[in-house]
Amino acid sequence: MNYDLLIVGGGAAGFFTAINVAEKIPGIRIAILERGKEVLSKVRVSGGGRCNVTHAEFIPNELSKNYPRGEKELKGPFHTFMTGDTMDWFERRGVALKIEEDGRIFPVTDASETIINCFLTEAKRLGITILKNHSVKNFNTNGAQWTVHTSQGDFETAKLMIATGSNPKMWERLTDLGHTTVAAVPSLFTFNIKDPKIKGLPGVATEALVQVKGSKLSSEGALLITHWGLSGPAILKLSAWGAIELHKRAYDFEILVNWLPQWSQNDVIDTLHERKGQFSKQYIHTYAQFELPKRLWQRLVITSGIQEDTRWADLSKVQCNTLSEQLTKSSFRVQGKSTFKEEFVTAGGVVLNEVNFKTFESKKHANLYFAGEVLNIDAITGGFNFQNAWTGGFIAAQAIANKKDD
Ligand SMILES: Cc1cc2nc3c(=O)[nH]c(=O)nc-3n(C[C@H](O)[C@H](O)[C@H](O)COP(=O)(O)OP(=O)(O)OC[C@H]3O[C@@H](n4cnc5c(N)ncnc54)[C@H](O)[C@@H]3O)c2cc1C
């Protein structure tokens, strides 16, 4: 079969490319080749089934700061297509969106099905062929046409878009074609920690600064104690920025937690001394200080060797120092990671200096395009990973359509 454009991968980036090309060139012959029984399966499970489509950050340079890999390269593309454009794109197609307090943007239905239906309706309206159970095994070019070999036969196309997400086999094929790829490493995970300091405190959450010992990695934000360790935005951000480094350390490393990120240890010591005078008769253990969650305060007090019946007046200098240290430099050993079920990505993919970010076309082969996670781009949690797929898909679509017009 002959097509004008073949898209390998029926995910977010593949559909976004196909729809945007078909809108610009009515009648163009486009097919999406999807290896699975279903298309858009990651969209379905995304954001806990609600699909966090993008994030309410409307300044391109600020938006790009959420990408540990891709920050520099996405700045330009975001000036062409970013958050506001994504919202407009969906809303013009009848998908109402809402911005949540933390900036994440979802369909008002809170159902990823809404996004899937939008894509499938648009694909049908525009005559895009969707070929499920078509696993692409290889592809090559004679300079004029691409031949794509699938589990169900061969296809010819003028232009080829690879939107296969983080499938290492596709990276191998691209390496055969002269591209360089970076091996996959997990990003967005939580830390496994067995430590009496947090045992039995699942659900306790507070703002904190977390640093990885022996590295420059640090992150500030909400920290959540779980049954198996630590999670929350502070940890997820750290897992994304530290994806490569933490993988190298086989997920065995130490972190320091400052439970009072706005405070230095010396300020904490001064304040504890003030409390000695202010609350001299009260038990230290009873009332949480520094607006910390009570159960966490009590655990840190006990960890500092201060008994439940110690009054503020009796706080010794050593105890005061130990408590200040527990409050600002609690040390934990991380041994292993757990999957964050709401969102998961891998770092790795086609190296970025082999791609023209004005068109998302390969610099090695004409008429070969990439979008989404197949590239060595990934983001922290919050809707940024889909934004990468939408931006890449949109810009590639414009480039593909304009080339056709030449
Ligand atoms: C559980 C989970 C929740 C997530 N939630 C969010 C969220 O709420 N917000 C957010 O921004 N990001 C989220 N992400 C990340 C987001 O889903 C991805 O970044 C995004 O799907 C990438 O889109 P893509 O099109 O590049 O790849 P994919 O969505 O992975 O699509 C690639 C497609 O290519 C197909 N394919 C692969 N190889 C072949 C082949 N050889 N032949 C044919 N087809 C092939 C695959 O089957 C797949 O359908 C989540 C990820 C997970 C796993």
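Guide: Start inside the protein. The largest cavity holds about 30 Å³ of space. Keep in mind that this is a predicted model.

Visitor: How many cavities of 30 Å³ or more does a search of the whole structure find?

Guide: The search finds 1.

Visitor: Which residues line the largest cavity?

Guide: Read a lining as a list of residues. Here the list is Gly47, Asn52, Arg104, Glu342, Glu343, Thr381 and Gly382.

Visitor: Now a helix. Which residues of α4 are buried?

Guide: Helix α4 covers residues 71-80, and its buried residues are Leu74, Pro77 and Phe78. These three lie on the same side of α4, because they cover an arc of only 105° around the axis.

Visitor: Which residues are exposed on the other side of α4?

Guide: Look across the helix. Lys72 and His79 are exposed there. Exposed here means over 50% relative accessible area, while buried means under 20%.

Visitor: Let us step back. How is the protein divided into domains?

Guide: Check whether each domain is one stretch of chain or several. Domain 1 takes in 2-186 and 342-402. Domain 2 is 189-339.

Visitor: What separation lies between the centres of domain 1 and domain 2?

Guide: Taken over C-alpha atoms, the centres are 40 Å apart.

Visitor: And how many residues of each domain are in contact?

Guide: Count each side in turn. Domain 1 brings 12 residues to the contact, and domain 2 brings 11. In general, the size of an interface is often given another way, as the accessible area lost when the parts come together.

Note on methods
Residues are numbered from 1 along each chain as its sequence is written. This is a predicted model: local features need pLDDT of at least 70, side-chain atom pairs count only at pLDDT 80 or more; totals for chains, interfaces and linings use all residues. Side-chain values use heavy atoms; hydrogens and water are left out. On a 1 Å grid over the protein atoms alone, a cavity is a set of points where a 1.4 Å probe fits but cannot get out, and a pocket is an open set with protein on both sides within 12 Å along at least five of seven lines; lining residues have an atom within 4 Å of a point. Grid points are joined across faces, edges and corners, and a volume is the space filled by probe spheres set on the points. Buried means under 20% relative accessible area, exposed over 50%, partly exposed in between (1.4 Å probe, protein chains only). Helices (H or I, at least four residues) and strands (E, at least two) are DSSP runs, numbered from the N terminus. The arc is that of the directions from the helix axis to the C-beta atoms. Domain bounds come from an automatic or database domain assignment. Contact means heavy atoms within 4.5 Å.
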